[in-house]
Amino acid sequence: MKTIFLNNAPHPSHGIWANSINSIFIDDRVKEYRVKNLSRLTKSLETVFKIPKDAEFVLCESASQLLTGILWKINHRNKKLGLIVSDPKYYHMWKMTSMKKKLYIWMLKKVDIFICSSQLMKDYLPEECRKRAFVVPPAFNREDYKKIRGNINSKNIIFTARICLEKGVDHLVDVFLKVKEKHKESKLYLMGASSYIPGQGNLREQLESRKLKNIIFTGHVDTKPYLKKCSIYVNLAWIEPASVSVIQAMCTGIVPIVNKNVGNKTYVEMIDKELVVNSDEQAERMILKLWKNKKLLERYSKRAIEVSKTYPDEKESIRLFREAIKTL
């Protein structure tokens, strides 16, 4: 089956999946948005003509490629269209204007198979589409984290993802400042690239201008040296499709605290359901509880390592992906 992978400077895991079925990669990224929506349409029309006529299966990396895939599918109804669902767009879709939401749902119904990076992302699909959806967790190299151990004696917190409002970093900072009132030595390591988002601005610049003590912005660097400094990982994102940073932290014995909008919460719940919180206040209380109860922190730390071993490695992730594709 000749497969085309429409990608957006592909995520490493998505690229591994596509390579496992010998896909031909076609770049469908809009490099410069000059006119909102029109730039996407123009790029999609341009990309459609690059898809070989003998292509049998087109796999779209994200919501950005969905329009291109649909334009191809309309003219190739007997061929197959797939979509990787690991994009905040499907969370935001349900809050769009009625017309825009209907358009997205119409396009999703045209897709033959969905590869969801977490159960959370599968749940955001229209009910009809879930019948054709498979959960395939994105893999990472677990070997890189086997010999690393977090420091459960520290009063430090780590977060790894883009520094923006969507990732809930402003909420995390507020929680940390309250925790720091009782643990003045504690530090918060915010690891990830800073980005400007229309309507949100540059959150890192906004936070740095406040000159907040003991909040360290590392930028996009190797996380491993910083994992060794911390006892707790916190993620309070609005929507986090399936961040492997949660599992990476667990591999080192760092105890994760996440909210219900984090895709890999299913693994955190396997440590204990109380580590999945519903509010900033719950997150604050959980951090203080763990730092007050050393035995509980140690127990959760050991359990985190054990649970992390159940997360699919690269070989298993590829197997799950290929098994899903075989159903077409």
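Before the residues themselves, please keep in mind that, the model being predicted, local features need pLDDT of at least 70 and side-chain atom pairs count only at pLDDT 80 or more, while totals for chains, interfaces and linings use all residues. Residues are numbered from 1 along each chain as its sequence is written, and side-chain values use heavy atoms, with hydrogens and water left out.

Let me begin with the interior. A nonpolar core here is a set of buried Ala, Val, Leu, Ile, Met, Phe, Trp, Tyr and Cys residues joined through side-chain atoms within 4.5 Å, where buried means under 20% relative accessible area, exposed over 50%, and partly exposed in between, with a 1.4 Å probe and protein chains only. The largest such core has 59 residues, of which Leu 190, Met 250, Ile 257, Leu 275, Ile 287 and Leu 290 touch the most other members. A second, separate core holds 32 residues, among them Val 58, Ile 70, Met 93 and Tyr 104.

Next comes Asn 264, in the loop between strand E13 (255–259) and helix H12 (265–271), these elements being DSSP runs numbered from the N terminus, helices (H or I) of at least four residues and strands (E) of at least two. Is Asn 264 buried or exposed? With a relative accessible area of 2%, Asn 264 is buried, and its side chain reaches the backbone oxygen of Ser 243 at 2.9 Å. Leaving aside residues up to four places away in sequence, Asn 264 also touches, among others, Val 246, Ile 247 and Tyr 311, a contact meaning heavy atoms within 4.5 Å.

Turning to the surface, Leu 38, Leu 41 and Leu 45 form a nonpolar patch with about 250 Å² of accessible area together. Leu 41 belongs to helix H2 (residues 38–48) and is partly exposed, at 34% relative accessible area.

Finally, two residues other than glycine have positive phi values. Ala 9, with phi near 55°, lies in the loop between strand E1 (3–7) and helix H1 (12–20) and is partly exposed at 42% relative accessible area. Lys 211, whose phi is about 50°, sits in the loop between helix H9 (203–208) and strand E11 (215–219), and Lys 211 is exposed, with a relative accessible area of 75%.

Methods:
Patches are made of residues with over 30% relative accessible area and no salt bridge: like charges are joined within 9 Å, nonpolar side chains (Val, Leu, Ile, Met, Phe, Trp, Tyr) within 5 Å. Accessible areas come from the Shrake-Rupley method with a 1.4 Å probe; for residues, only the protein chains shown count as cover. A salt bridge is a side-chain nitrogen of Lys or Arg within 4 Å of a carboxyl oxygen of Asp or Glu. A polar contact is a pair of N or O atoms within 3.5 Å; within protein, one must be able to donate a hydrogen and the other to accept it, and residues adjacent in sequence count only if both atoms are side-chain atoms.
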